[in-house]
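This report covers ring contacts and the surroundings of a ligand. Please look at the sequence and the model before reading on.

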Amino acid sequence: MKIVVCIKQVPATSEAKIDPETKRIVREGLKAIMNPFDIYAVEEGIQLRDKFGGEVIVLSMGPEKALLSLREAISLGADRAILLSDKAFGGSDTWATSYTLAKAIDKIGDVDLVICGKQAIDGDTAQVGPGIAAHLDWVQATYVLRVEDADSKSIKVKRMHEDGYDICEMDFPAVVTVLKDINIPRVPTLKGCLAALKIEIPVWTHAHIGAEIEKIGLDGSPTRVVKTAPPPPRNIITKRIEGSPQDCANQLVREFRIRSIL
Amino acid sequence: MIISDSKDKSKYSNVWVVAELLSGKIQPVTHELLGAASSLAATRSSQVWAVVMGLGIAEQAHSLFAFGADKVIVVEDIRLSGFIDEIEASIMVRLIEKYKPEILIGAATARGRALIPRIAIKTNCGLTADCTELGIDPENGDLLQTRPAFGGNIMATIRCSNHRPQMATVRPRVMKALEPDYSRSGEIIRENVQDSDALKIKRIIEVYHSDQAAVNLGDAQIIIAGGRGVKGPAGFEILRKFAAEVGGAVGASRAAVDSGWIPYSYQFGQTGQTVQTKAYIACGISGQIQHLVGMQSCEVIIAIDKNPDTPMMQIADIAIVGDLFEVIPEIITNLASN
Ligand SMILES: Cc1cc2nc3c(=O)[nH]c(=O)nc-3n(C[C@H](O)[C@H](O)[C@H](O)COP(=O)(O)OP(=O)(O)OC[C@H]3O[C@@H](n4cnc5c(N)ncnc54)[C@H](O)[C@@H]3O)c2cc1C
Ligand SMILES: Nc1ncnc2c1ncn2[C@@H]1O[C@H](COP(=O)(O)O)[C@@H](O)[C@H]1O
């Protein structure tokens with residue numbers, strides 16, 4: 001089974017502090033980490049390889065420093081890594097990102113399965129996985145919480161929906177996006193860390209993958225950010241209630257009635 | 001499709017809503033999207049269309065007129081009884097090419113987030129996920145799509161000037177449905193599945209329904225939400241009593257969920273659910289921006305916190321300064337005795 005796992009390096013926004021004055025993220029000292037969902041994607045790739053043979057290739061599009069996240073994936077047990085890095089990729093939205101990743105997957109060749117995280121925590125879009133599938137015209141299963149079975153030709157997965165689950169079977173080649181429920185990621189081994197230090201990671205540009213220049217980067221991105229603004233304030237006059245717990249309760253219940261909440 | 005000039009652009013009109021179905025039933029988010037679509041269509045002097053794909057749905061499709069649809073495209077086929085993204089995307093691509101909508105909105109749900117990106121890529125269009133606001137640029141008629149970015153710390157407004165249709169997804173309970181007007185009627189258009197839609201598809205083997213996947217807020221109009229200040233699962237028991245007394249539902253901040261006091265499906269905020277209820281009572285929740293984006297559209301916000309200076313206490317309509325473990329039991333007693 002030839003598996004490509006797509007990983008994205010993201011700012012560790014859950015550690016972000018908000019500047020109380022400017023209400024903006026304090027970006028200084030914010031670490032770059034592997035997107036948390038993608039760690040589960042890497043683990044699932046490794047488990048499938050260990051069961052069915054083949055190889056796990058980790059793929060990331062991003063700046064040079066994304067090499068660190070790729071090395072982390074190697075330390076966990078991925079076989080090789082490829083970085084897609086090129087000035088021309090700058091400003092990509094999800095359309096251009098999934099096009100670029102799809103072209104790289106094409107170039108890698110004979111891939112059976114692509115695994116992505118459910119979503120990246122910086123954009124929260126969850127579009128790149130289905131986007132890759134659409135560009136390649138492959139079948140897809142999103143929000144996967146378990147791989148039920150697989151063989152050399154197909155994979156059977158359990159998908160989550162708001163009203164429950166389904167189990168579906170797809171012939172390769174296919175794309176899946178995974179939830180954190182799917183497995184418990186391992187920790188790197190010493191051997192893995194040594195491999196991560198030594199491995200040569202090729203860096204591919206748009207020329208290597210034969211990507212059309214008008215389909216990548218900002219030029220290839222249909223969406224444009226036209227404005228950013230702080231979230232809208234709520235225009236209200238706050239009624240403050242203080243005093244003994246009984247007083248507070250009385251006043252609140254009166255407010256419930258006045259405002260016809262009850 | 002990529003649009004080269006304004007003549008091309010004018011070939012596209014109307015606002016489409018992709019109906020969200022769960023267990024074969026049209027979901028309320030569809031009505032909310034129709035509400036948003038109605039105001040966009042009014043500004044653009046165009047129509048609201050809905051697309052419903054499934055099996056045994058024709059009857060339900062009629063109900064969409066009351067919520068603002070002018071036309072409903074119904075695609076019914078045995079192959080649409082399960083959720084097969086590939087078929088639905090392929091149908092949508094054909095319908096878009098045939099009828100050329102200017103705007104297309106879908107639900108940011110498990111299904112919508114699988115289907116709409118596939119449609120967007122196949123039609124060469126941009127897509128903005130999880131919009132909290134949709135409007136029309138008065139200058140050129142483009143759709144302005146606003147969504148939270150960088151963990152909700154800023155709102156980004158996005159446009160797709162050179163592609164039609166303009167596509168966006170919206171999470172449940174973000175937009176408001178219109179009051180249904182059952183005297184409204186409209187036109188049903190029937191379309192078929194073609195064999196070419198089903199060339200490369202998955203096979204659905206089993207389907208289970210379970211309501212454990214999401215909290216059922218039902219019709220609750222009051223939410224009692226707890227945060228780190230609730231201090232543990234026992235604290236949530238007090239909130240449940242409070243909720244039972246007012247006929248409300250319980251919710252939580254991420255801090256409470258991450259502490260393991262209550263399941264993730266109860267979380268409100270950027271990475272949880274969004275609500276727009278009549279009242280939201282935040283107990284021991286400081287009101288960080290990521291939480292606020294999930295609840296700040298509720299009509300009346302009430303905060304109970306020991307600390308009078310938290311962001312939640314500033315944005316609340318009613319701010320009770322006090323210890324929730326003392327105040328809430330008094331509220332319950334007071335309500336029970338009345
Ligand atoms: C990318 C990202 C996504 C996020 N998504 C979400 C999300 O979806 N939802 C979410 O909620 N958060 C989210 N967060 C986390 C968010 O930033 C906050 O950390 C979280 O909301 C804080 O929860 P809290 O208000 O319960 O806890 P705290 O901030 O610790 O607030 C606890 C409050 O309880 C009060 N208190 C303590 N004891 C008592 C008492 N006895 N009586 C009364 N009051 C008391 C304290 O004064 C304090 O104000 C996200 C963060 C990031 C970075
Ligand atoms: N630049 C990237 N490089 C590699 N994989 C990516 C990239 N962006 C997104 N992905 C993959 O797509 C998933 C969903 O990302 P998103 O659509 O941005 O929420 C991630 O979990 C990754 O698996």
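## Aromatic pairs

Over all chains, a search of the whole structure finds six aromatic pairs. Rings of Phe, Tyr and Trp (its six-membered ring) pair if their centres lie within 6.5 Å; planes under 30 degrees apart count as stacked, over 60 as edge-to-face and the rest as tilted. One of the pairs is edge-to-face: Tyr165(A) and Tyr208(B), 6.2 Å centre to centre with 85 degrees between the planes. This pair joins two chains, because Tyr165(A) lies in strand 9 (residues 164-171) of chain A and Tyr208(B) in strand 13 (residues 203-209) of chain B. Strands here are DSSP runs of E of at least two residues, and helices are runs of H or I of at least four, numbered from the N terminus.

Tyr165(A) is partly exposed at 21% relative accessibility, and Tyr208(B) is partly exposed at 34%. Buried means under 20% relative accessible area, exposed over 50%, and partly exposed in between (1.4 Å probe, protein chains only).

Trp16(B) and Trp49(B) form a stacked pair, 5.7 Å centre to centre with 15 degrees between the planes. Trp16(B) is in strand 1 (residues 15-18) of chain B and Trp49(B) in strand 4 (residues 48-54) of chain B, 33 residues apart. Both Trp16(B) and Trp49(B) are buried. Ring pairs also bring in Tyr99(B), giving a cluster of Trp16(B), Trp49(B) and Tyr99(B).

## Charges over rings

The charged end of Lys158(A) sits over the ring of Tyr165(A), 4.6 Å from the ring centre. Lys107(A) has its charged end over the ring of Trp204(A), 5.6 Å from the centre. The criterion is NZ of Lys or CZ of Arg within 6 Å of the ring centre and within 35 degrees of the ring normal.

## Around ligand 1

Ligand 1 lies between chains A and B, where near means a heavy atom within 4 Å. Oxygen atoms of ligand 1 make polar contacts (N or O pairs within 3.5 Å). A polar side-chain atom of Ser286(B) is 2.5 Å from one such oxygen, and a side-chain N or O atom of Ser253(B) is 2.6 Å from an oxygen of the ligand. Gln270(B) places a backbone N or O atom 3.0 Å from a ligand oxygen.

## Basis

This is a predicted model: local features need pLDDT of at least 70, side-chain atom pairs count only at pLDDT 80 or more, and totals for chains, interfaces and linings use all residues. Residues are numbered from 1 along each chain as its sequence is written, chains are lettered from A and ligands numbered from 1 in the order written, and side-chain values use heavy atoms, leaving out hydrogens and water.

Key:
Polar contact = N/O pair within 3.5 Å; in protein donor to acceptor, adjacent residues only side chain to side chain.
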